Amino acid sequence: MFILVFDKDKGKMMLFDIQRARRDTPGCANIVHFDNAGYSLMPQPVLDAATSYLQLEAQIGSYRAYIRSYEAIEHLYSSIAKLIGCSHDEIAILENATLAWDMAFYSIPFRAGDRILIGTTEYINNYMAILQMTRKTGAIVEVIPDDDYGQISVEALRNSLDERVKLIAITHTANTGGLVNPIEEVGKVAREAGILYIVDACQSVGQMPIDVNTIGCDMLATPGRKYLRAPRGTSFLYVRREVLEHLEPPFLDTEAATLVTRNCYEVRSDARRFENWEANIAARIGFAVAVDYTLQWEVEKIWQRVKQLSSQLRTQLRQLPGVTIQDRGIIQNGLVTFTLEGQEPEEIKRQLAEQNINVSAVGLHNTSRLDLESRGLLSGMVRASVHYYNTEEEIEYFCAKIAEILAKR
Ligand SMILES: *Cc1c(COP(=O)(O)O)cnc(C)c1O
């Protein structure tokens with residue numbers, strides 16, 4: 001079964017092979033997976049690559065397996081470079097997106113009085129790192145208000161600039177909903193003022209087209225397991241070449257640096273200065289295949305499909321009395337958040353799990369506190385996040401189950 005999606009670049013409808021997407025995704029047979037913002041289902045080629053690498057490790061030993069698979073691992077860097085429009089030496093591979101973001105952030109030499117500007121949706125882990133940095137160094141964090149649509153106000157950002165601003169940190173799409181922040185406009189502001197700019201793109205890479213030069217960011221972090229459909233324990237960090245030499249990593253090992261004399265080390269010149277030597281190679285082999293697999297589908301097509309599905313999901317949920325859709329923003333992506341009158345998000349998640357449906361409950365403990373507080377959503381929300389391999393039928397099924405939960409009240 002092919003379905004039609006609109007391809008903006010080519011200005012026409014394109015065929016999307018949903019049957020292939022389903023066939024390639026073994027998990028589709030067991031589960032309605034609406035938690036792609038938390039973790040996606042791996043496609044078969046990713047699973048095959050990672051498991052056969054583990055087999056090889058068992059057969060010839062992990063160091064030898066590594067040498068034999070050297071090219072496949074190197075390939076990961078070029079594939080990511082292709083995906084986000086940078087060079088392979090501007091990419092570091094790490095274990096999770098928190099660490100990727102942190103390695104860049106903790107490398108910035110903050111001083112007392114430096115200002116760090118963020119939006120209300122900054123991810124909880126980034127925010128805690130920033131708080132810690134303010135305590136250690138005397139730097140200051142300031143939250144730029146939202147505009148009327150809930151996006152970061154680019155005007156307010158521009159008006160807050162002065163020579164003390166050291167960093168602008170923006171989460172492209174928070175895990176609290178479909179809102180997409182205007183990171184390109186923020187990039188223009190950062191470029192004009194010559195301020196360092198880091199983007200948390202955890203929810204967007206693999207879901208929508210991302211080009212670091214269009215964004216104008218200096219650093220960008222993303223995990224493998226979300227919209228890229230890679231195994232867990234994978235992420236990448238992008239750092240622009242011009243910025244690299246000014247960022248000395250907070251810790252070093254023999255991958256990141258060379259001890260040239262007993263008193264002297266040299267840090268690598270490329271982005272791998274942020275890596276460690278030891279890693280889960282099987283996961284990285286899977287990650288490489290996942291990025292190539294994403295490129296095969298074409299990100300623009302994935303994006304059109306995800307927008308179609310999520311807009312259908314919002315429309316159908318809105319028709320159920322007792323459901324409130326909580327997503328804001330001008331552009332809305334695959335993350336659909338809602339509350340049900342008088343029901344705890346964790347309890348709804350539990351009931352859906354009994355029906356083989358995966359969703360997340362997002363709340364103060366795992367997401368942006370500033371965002372939820374400013375919107376008065378202290379008890380959190382249910383988050384149903386779709387990917388291109390989900391179907392219209394799954395949405396029907398999902399909404400029917402939500403209707404049943406509502407009827408049981
Ligand atoms: C998931 C997520 C992260 C953290 O990624 P990990 O790989 O779990 O460390 C950071 N920011 C946002 C917006 C996220 O959704």
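Asp162 is partly exposed, with a relative accessible area of 28%, where buried means under 20% relative accessible area, exposed over 50% and partly exposed in between, using a 1.4 Å probe and protein chains only. The structure is a predicted model, in which local features need pLDDT of at least 70 and side-chain atom pairs count only at pLDDT 80 or more, while totals for chains, interfaces and linings use all residues. Residues are numbered from 1 along each chain as its sequence is written, and side-chain values use heavy atoms, with hydrogens and water left out.

**Salt bridges**

- A search of the whole structure finds 25 salt bridges, a salt bridge being a side-chain nitrogen of Lys or Arg within 4 Å of a carboxyl oxygen of Asp or Glu.
- Asp162 forms one of these with Arg115, and the closest N and O atoms of the two are 3.0 Å apart.
- This pair links distant parts of the chain, 47 residues apart, since Arg115 is in strand S5 (residues 115-118) and Asp162 is in the loop between helix H7 (154-159) and strand S7 (165-171); helices (H or I, at least four residues) and strands (E, at least two) are DSSP runs, numbered from the N terminus.
- Arg115 counts as buried, at 5% relative accessibility, and a network of salt bridges links Arg115 and Asp162 with Glu142 and Arg164.
- Another salt bridge joins the side chains of Arg241 and Asp89, at 3.1 Å from N to O.

**An open sheet**

- Four strands form an open sheet in the order S13-S14-S17-S16, with antiparallel pairing, and two strands pair if DSSP finds at least two bridges between them.
- Strand S13 (323-325) and strand S16 (360-362) stand at the edges, each with a single partner strand, so one side of each is left without a neighbour in the sheet.
- Neighbouring strands of this sheet are turned by 40° against each other on average, direction ignored; the axes are lines fitted to C-alpha atoms, for helices over the stretch in contact, and angles run from 0 to 180 degrees between N-to-C directions.
- S16 pairs with strand S17 (residues 381-385) in the antiparallel sense over 3 bridges, and Ala361 has Val382 in S17 as its bridge partner.

**Cysteines**

- The count comes to 0 disulfides, a disulfide being a pair of cysteine sulfur atoms within 2.5 Å.
- Cys86 is in no disulfide, and the nearest cysteine sulfur, that of Cys217, is 9.3 Å away.
- Cys86 is buried, with a relative accessible area of 16%, while Cys264 is partly exposed at 33% relative accessibility.

- Phe2, Leu4 and Leu15 make a nonpolar surface patch of about 320 Å²; patches are made of residues with over 30% relative accessible area and no salt bridge, with like charges joined within 9 Å and nonpolar side chains (Val, Leu, Ile, Met, Phe, Trp, Tyr) within 5 Å.
- Leu4 is in strand S1 (residues 2-7) and is partly exposed, with a relative accessible area of 47%.

Notes:
Accessible areas come from the Shrake-Rupley method with a 1.4 Å probe; for residues, only the protein chains shown count as cover.
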